[in-house]
Amino acid sequence: MNLYKKTYDLVKQIPKGRVSTYGSIAIALGDIIASRAVGKMLNENPYKDVPCYRVIQSDGKVGGYALGVEKKIERLRKEGIEIEEGKIDLNKYIFNDFKTDYPLAKLREEQNMLKEKMFFEDVEAPQVLAAMDVAYGKYAYGAYVECENYNITKIKVVKKKINFPYIPTYLAYRELPILQDLIKNEKPDVVIIDGNGLLHPRFFGIACHFGVLNRIPTIGVAKKLLTGFEKDGYVFIGNKKVGVRIKKFFVSPGNMINVESSEKIFRNLIDKNLNLVQIAHIKANEEKRRNEG
């Protein structure tokens with residue numbers, strides 16, 4: 001999904017002499033959590049026919065971004081909008097009547113359907129492990145690292161245009177196009193992904209999504225605790241055990257593997273000083289630097 005295009009199409013609907021807010025655009029996309037991402041996308045807008053200057057902050061402040069506050073105020077005043085001390089009366093000028101299909105809401109529905117296909121079981125002594133990570137610049141750079149019996153046997157990278165910004169809890173839709181390119185023609189026993197599995201507000205992080213799509217055991221490894229709480233070394237959301245902390249990493253099952261097997265596999269890698277996720281992270285960033293400096 002090209003969320004940039006959908007966002008720009010919404011902004012084009014704001015009529016002359018009216019304004020909307022980053023939050024209103026996010027709601028029209030289907031989730032208020034996307035407000036910050038809306039600001040980022042508008043800041044990167046390359047099209048002259050998208051009136052980004054008509055989108056302001058939720059408190060009525062004009063805000064600047066790439067265009068700059070003064071230029072933005074100048075354009076808005078030319079359209080007849082009154083601005084006092086850098087603020088606009090939203091009761092008078094707000095536009096929220098967007099025609100939209102709420103794309104983010106559709107993506108949540110899709111994930112809820114895919115979630116029904118998850119299952120969790122023991123995975124004993126996998127021989128071939130792989131890890132993937134993505135680095136971002138002007139493009140996305142993905143890296144795949146594979147090892148067999150704890151010896152690295154393959155490293156590959158891909159480059160791809162980015163059509164989806166970072167939005168909390170929607171990471172899968174940003175990274176899956178890159179991950180799907182990386183997994184082509186590969187047959188590892190388990191894939192470890194930089195991101196979350198069950199340890200996710202909807203119990204369906206990127207490792208779950210990728211695992212269901214590819215019918216493969218997956219483990220999510222994250223550096224920050226997205227949600228839930230720690231107890232006796234494990235991570236819970238409510239009463240549900242969804243992961244484990246191993247050193248500075250939060251490990252959670254994605255699909256076709258349980259918490260215990262996920263823990264054992266990742267601990268073995270750490271004990272052998274073979275953090276495949278970190279290696280994939282390094283290779284992805286090396287590729288970004290090679291291409292972009």
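Tutor: Contact means heavy atoms within 4.5 Å, and angles run from 0 to 180 degrees between N-to-C directions. Please keep in mind that this is a predicted model.

Student: Across which strands does helix α7 lie, and at what angle to β5 does the helix run?

Tutor: Helix α7, residues 171-183, lies across β3, β4, β5 and β6. Its direction is at about 120° to that of β5.

Student: Which strands does helix α9 lie across?

Tutor: Helix α9 (residues 259-271) lies across β3, β6, β7, β9, β10 and β11.

Student: What is the order of the strands in the open sheet?

Tutor: The nine strands follow the order β5-β4-β3-β6-β7-β11-β10-β9-β8, and the pairing is mixed.

Student: What makes β5 and β8 edge strands?

Tutor: Each of them, β5 (151-160) and β8 (229-231), pairs on one side only. From one strand to the next, the twist averages 30°.

Student: How do you know that β3 and β6 pair?

Tutor: Pairing requires at least two bridges. Strands β3 (residues 128-136) and β6 (residues 190-194) have four bridges, in the parallel sense, and therefore count as paired. Within this pairing, Ala130 has Val191 of β6 as its bridge partner.

Student: In what sense do β8 and β9 pair, and over how many bridges?

Tutor: The sense is antiparallel, over three bridges. Lys231 stands opposite Tyr234 in β9. The hairpin of these strands has two residues between them, and Asp232 takes a positive phi near 55° there.

Student: What is found in the hairpin of β9 and β10?

Tutor: This hairpin also has two residues between its strands, and Gly238 in the turn has a positive phi of about 65°. The two strands pair in the antiparallel sense over four bridges, with Ile237 opposite Lys240 in β10.

Student: Why is α1 called roughly perpendicular to α3?

Tutor: The axes of α1 (residues 3-11) and α3 (residues 35-43) come within 10 Å and cross at roughly 85°. Angles of 65 to 115 degrees count as roughly perpendicular, so α1 is roughly perpendicular to α3. Leu3, Tyr4, Thr7, Tyr8 and Val11 in α1 meet Val38, Lys40, Met41 and Leu42 in α3. The residues of this contact divide into seven nonpolar, one polar and one charged.

Student: Why is Arg54 called buried?

Tutor: Buried means under 20% relative accessible area. Arg54 has 11% relative accessibility and therefore counts as buried. Arg54 is found in the loop between α3 and β2. Beyond its neighbours within four places in sequence, its contacts include Ile14, Pro15, Leu76 and Glu79.

Student: Why is Tyr102 called partly exposed?

Tutor: The term applies between the limits of 20% and 50%. Tyr102 has a relative accessible area of 41%, so Tyr102 is partly exposed. Tyr102 is found in the loop between α5 and α6, with a positive phi near 50°.

Student: How do you know that Tyr150 is partly exposed?

Tutor: The relative accessible area of Tyr150 is 31%, which means that Tyr150 is partly exposed. Tyr150 is in the loop between β4 and β5, and its phi is positive, near 70°. Most residues other than glycine have a negative phi.

Methods
Residues are numbered from 1 along each chain as its sequence is written. This is a predicted model: local features need pLDDT of at least 70, side-chain atom pairs count only at pLDDT 80 or more; totals for chains, interfaces and linings use all residues. Side-chain values use heavy atoms; hydrogens and water are left out. Angles under 35 degrees count as roughly parallel, over 145 as roughly antiparallel, 65 to 115 as roughly perpendicular and the rest as oblique. Ala, Val, Leu, Ile, Met, Phe, Trp, Tyr, Cys and Pro count as nonpolar, Asp, Glu, Lys and Arg as charged, and the others, Gly among them, as polar. Buried means under 20% relative accessible area, exposed over 50%, partly exposed in between (1.4 Å probe, protein chains only).
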